[in-house]
Amino acid sequence: MTGASRGIGQDIAVACAEAGANVFLTYHNTPADQTVQLAHAHGTAVHAVKADVSKSEEADAAVKQCVEKFGGVDILVNNAGITKDGLLMRMKDADWDAVMDTNLKGAFNMIRAVSRPMMKKRAGRIVNIGSVVGSSGNPGQANYAASKAGLIGLTMAVARELASRDILVNVVSPGYIVTDMTDVLGEEVKKSILAGIPLGRFGSARDISNAVLFLASDAGGYITGQVLHVNGGLYM
Ligand code: NDP
């Protein structure tokens, strides 16, 4: 599970522990002590390592440590993600590259790293956290929308490649979820987004964790290459 120091990633890690899973989590700059503490309270093994998913050697090292610690990887959740918003004409190369490197290449790095141990076990679940804007687009987010749309293509290609080994690969695509990432939006922007959500509220991190748990569970055993939208009806 990547990017588990806060927000949606923290909640997915805790929800997995609640469901009885041992959790191997990665953090980037923010230490994951709080997540470790919250997850640990559920009595399963929890281990955290620092890893920048955009760097393939760090992704490889994290997966290697997970295999050494827990004997394999049953479920990978690619949650780490960033935004660097700006209108197309003013978007800097560095902002494009940073978002693609973390959101898309980061997921690729992690999937490639877990593919060998999962293939060996002939079982695995991979859940990539996308975004509604990867399906709908959004002005000011050319980089972010492209990275999340790319994640859907990556998911479908890998789902086809790994299906014969019973490795299922899907996207959970959140709408607007209350976290640090959306906290930075102004009140007016939030109001106009809310007006477009049929359920009339922003989602919670737990709404996303529930979808991840479903896809990772036995109940999700015949689902692969799909995008599960969790957005209160914002995009349908
Ligand atoms: P936050 O900004 O709250 O948390 C992002 C997490 O990703 C942090 O733990 C962060 O670590 C980590 N991270 C960032 N860069 C890297 C990196 N290079 N390597 C490893 N970890 C990294 O975001 P959210 O919880 O809101 O979002 C989680 C996911 O959900 C993202 O993929 C996002 O795109 C997606 N999403 C969120 C939505 C929302 O409304 N909140 C809507 C749609 C999608 P650190 O703390 O060190 O920076």
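Q: How many strands form the open sheet, and in what order?
A: Strands of a sheet pair through backbone hydrogen bonds, either parallel or antiparallel. Here 4 strands form an open sheet, ordered β3-β4-β5-β6, with parallel pairing. Strands are DSSP runs of E of at least two residues, helices are runs of H or I of at least four, and both are numbered from the N terminus. Two strands pair if DSSP finds at least two bridges between them. This is a predicted model: local features need pLDDT of at least 70, side-chain atom pairs count only at pLDDT 80 or more, and totals for chains, interfaces and linings use all residues. Residues are numbered from 1 along each chain as its sequence is written, and side-chain values use heavy atoms, leaving out hydrogens and water.

Q: Which strands are at the edges?
A: β3 (75-78) and β6 (227-230) each pair on one side only. β3 pairs with β4 (residues 124-129) over 4 bridges, in the parallel sense. Leu76 stands opposite Ile126 in β4.

Q: Which residues touch the most other members of the largest nonpolar core?
A: A nonpolar core is a set of buried Ala, Val, Leu, Ile, Met, Phe, Trp, Tyr and Cys residues joined through side-chain atoms within 4.5 Å. Buried means under 20% relative accessible area (1.4 Å probe, protein chains only). In this core of 27 residues, they are Leu76, Val114, Met118, Ile126 and Leu154. The largest share, 8 residues, comes from α4.

Q: What other core is there?
A: A second, separate core has 24 residues, including Ala17 and Ala211.

Technical notes: Buried < 20%, exposed > 50% of the residue type's maximum accessible area, 1.4 Å probe, protein only.
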